[in-house]
Amino acid sequence: MAKRPPRQDIDHVLRDWPHEPGEISVRLVEAHDGREVLQMRVELGVMQLETTHRPDGQRPGGAETYFDYLLALAIHEGDGFTLTEEQCNEVDRELVQFYHRRICWLALREYEHAVRDADHNLAFMDFVRSCSPADEWTESHEQYRPFILFHRTQAAALAELEERGPEPAIETLNTGLDRLREIYADADAEEPFEEDEMVARLVELRESLRDQYNVGQTLSERLADAISREQYELAAQLRDQIAHRAKKRA
């Protein structure tokens, strides 16, 4: 009798971890070699991602990520470096992979990891914008910049809340909102900034932190208010307080 091949299906995994429509189901598990990997349950199976460097575990051109590989290539080729069609496709692959991992980290409330992966995609988008072969291709990515920044701001604020408390978290939300405002101004969006759903959710989080932790104006908010009122002596005092606090954290 011919020897049966080893079992390769994942029926038992799918049966023990059913898909829940509308829910993001993620877990951190130990692989056979002891390393930790992320798993996301999707409708048709399970997606597995590495926790560091590139989510699929590949090393494009020997680099940790395709972003790193392209950076080295652009430096080598110098001015005039422009992405080829194949390179554009590979850029898209990596951006999507880091998006999936960011979603996993957010679901697990691993906020610093989510910030790291959001920063990767934002920096990668900055780079490819400078060497894009066409405006249309650039815009196909830029349309997602507000969404990535929304995730990044949300995750960074919640990480600050855990590490340093509510006031730094509120400061982080304000910084993220300012960056979003700049993007909307550059895009000349028809919808008012305050009515954008992502903006509204960040403002809601900020105000809920104020209420929950009884936080009034932060030092930076007081500084902005003093400057707008031309209270420059008070503004100088507030700058000193902000610098002193930053020095204590360093």
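Predicted model: local features only at pLDDT ≥ 70, side-chain atom pairs only at ≥ 80, totals over all residues.
Visitor: Let's start with the cysteines. How many disulfides does a search of the whole structure find?

Guide: A disulfide is a covalent bond between the sulfur atoms of two cysteines. Here, the search of the whole structure turns up zero disulfides. Take C131: the nearest cysteine sulfur belongs to C88 and is 8.3 Å away, whereas a disulfide needs the two sulfur atoms within 2.5 Å.

Visitor: Is C131 buried or exposed?

Guide: C131 is buried, at a relative accessible area of 5%. C104 is buried too, with a value of 0%. The cut-off for buried is under 20%.

Visitor: On to the rings, then. How many aromatic pairs does the structure hold?

Guide: There are five aromatic pairs. One of them joins Y99 and F147, whose ring centres are 6.5 Å apart. Their planes meet at 45 degrees, so this pair is tilted.

Visitor: Which parts does that pair tie together?

Guide: Y99 belongs to helix α3 (residues 85-107) and F147 to helix α6 (residues 145-163), so the contact links parts 48 residues apart in sequence. As for accessibility, Y99 is partly exposed at 32%, and F147 is partly exposed at 30%.

Visitor: Which residues form one aromatic cluster?

Guide: Look for F67, F124 and F127, which form one cluster.

Visitor: And what sits over the ring of F98?

Guide: That is the charged end of R101, placed 4.8 Å from the centre of the F98 ring.

Note on methods
Residues numbered from 1 in each chain as written. Heavy atoms only, no water. Buried < 20%, exposed > 50% of the residue type's maximum accessible area, 1.4 Å probe, protein only. Phe/Tyr/Trp six-rings, centres within 6.5 Å; stacked < 30°, edge-to-face > 60°. Helix = DSSP H or I, 4+ residues; strand = E, 2+ residues; numbered from the N terminus. Lys NZ or Arg CZ within 6 Å of the ring centre and 35° of its normal.
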